[in-house]
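Reader: I'm new to reading protein models. Could you walk me through this one, feature by feature?

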Amino acid sequence: MPKQWKIDLVENMVQELAQMDGLVVLNFSGVTVKEMEDLRRQIEKNGGKVKVMKNRLLQKVLEARNVTGIKEYLKGMSFVVYSDKDILSILKVVVDAIKDNEKLALKVGYLDGQVMDAQGVKEMSKVPSRKELLAMIAGGINGVVGNFAGALNAILTTFVGTIEALEKKQEGK
């Protein structure tokens with residue numbers, strides 16, 4: 001019979017993952033507590049959440065969320081990173097942390113209903129995040145508006161110059 005705290009943990013995680021945008025599972029074997037806390041702070045600062053779970057419990061949570069195909073990746077120590085807002089910005093933090101700390105290793109990711117291996121997660125981390133895309137759109141719109149304002153200003157300047165030339169011509173007669 002499962003212990004009550006395990007049942008509660010699984011139920012809480014199922015509820016938390018109900019709104020998830022995606023998740024990544026990392027192997028953190030050999031990582032110091034300080035390194036883990038630093039990574040946790042970076043992830044939480046970017047809107048992500050972190051949980052260290054036993055693989056069996058994580059498998060139960062994922063099965064309850066109808067996430068399949070991850071079981072074979074759940075070996076060793078698992079560190080689950082997930083987000084309900086912008087998983088792409090969290091992926092960038094995770095991939096950067098892995099570059100800085102060779103003890104961390106990507107196991108698997110689940111994004112947009114698809115299971116991805118470590119290489120797939122690294123590739124997805126290169127996609128611009130929601131914030132970056134919005135900034136690109138705003139920059140593009142700003143550029144178009146600036147060009148339009150410049151064109152209007154040029155038309156008005158030409159128009160005023162033409163009017164002034166006509167006035168001088170009228171005065172000269």
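**Holes inside and pockets outside**

Author: Let's start inside: the largest cavity is lined by Glu16, Met20, Gly47, Gly48, Lys49, Tyr82, Ser83 and Asp84. Before we go on, this is a predicted model, where local features need pLDDT of at least 70, side-chain atom pairs count only at pLDDT 80 or more, and totals for chains, interfaces and linings use all residues. Residues are numbered from 1 along each chain as its sequence is written, and side-chain values use heavy atoms, leaving out hydrogens and water.

Reader: What is a cavity, and what is a pocket?

Author: Picture a 1 Å grid over the protein atoms alone: a cavity is a set of points where a 1.4 Å probe fits but cannot get out, while a pocket is an open set with protein on both sides within 12 Å along at least five of seven lines. A lining residue has an atom within 4 Å of a point. In this model there is one cavity of 30 Å³ or more.

Reader: How much space lies in the largest cavity?

Author: About 40 Å³. That volume is the space filled by probe spheres set on the grid points, which are joined across faces, edges and corners.

Reader: Which classes of residue make up the lining of the largest cavity?

Author: Two nonpolar, three polar and three charged. Here Ala, Val, Leu, Ile, Met, Phe, Trp, Tyr, Cys and Pro count as nonpolar, Asp, Glu, Lys and Arg as charged, and the others, Gly among them, as polar.

Reader: And which residues line the largest pocket?

Author: Glu35, Asp38, Leu39, Gln42, Val93, Asp96, Ala97, Asp100, Asn101 and Leu104. About 150 Å³ of space lies in the largest pocket. Helices α2 (residues 33–45) and α4 (87–100) each supply at least two residues of its lining. The lining of the largest pocket divides into four nonpolar, two polar and four charged residues.

**Charged pairs**

Reader: How do I read a salt bridge?

Author: Side chains of opposite charge can pair when their charged atoms come close. The cut-off is a side-chain nitrogen of Lys or Arg within 4 Å of a carboxyl oxygen of Asp or Glu. By that rule, this model has three salt bridges.

Reader: Which residues does Asp38 pair with?

Author: One partner is Lys34, with the closest N and O atoms 3.2 Å apart. Both lie in α2, four residues apart, about one turn of the helix. Asp38 also forms a salt bridge with Arg41, at 3.1 Å between the closest N and O atoms. Asp38 and Arg41 are separated by about one helical turn because they sit three residues apart in α2. Through shared partners, Lys34, Asp38 and Arg41 are joined into one network.

Reader: Are these residues buried or exposed?

Author: Buried means under 20% relative accessible area, exposed means over 50%, and partly exposed is in between (1.4 Å probe, protein chains only). Asp38 is partly exposed at 32%, whereas Lys34 at 59% and Arg41 at 51% count as exposed.

Author: There is also a bridge between the side chains of Glu37 and Arg40, 3.8 Å from N to O. Glu37 and Arg40 are three residues apart in α2. Glu37 is partly exposed at 32%, and so is Arg40 at 23%.

**Patches and backbone**

Reader: Which residues form the nonpolar patch on the surface?

Author: Leu134, Ile137, Ile141 and Val145, with about 370 Å² of accessible area together. Patches take residues with over 30% relative accessible area and no salt bridge, joining like charges within 9 Å and nonpolar side chains (Val, Leu, Ile, Met, Phe, Trp, Tyr) within 5 Å. The areas come from the Shrake-Rupley method with a 1.4 Å probe, and for residues only the protein chains shown count as cover. Val145 belongs to helix α6 (residues 130–172) and is partly exposed at 49%.

Reader: What about Asn66: what is its phi?

Author: Most residues other than glycine have a negative phi. Asn66 has a positive phi, near 60 degrees. You'll find Asn66 in the loop between α3 (55–64) and β3, and at 65% relative accessibility it counts as exposed.
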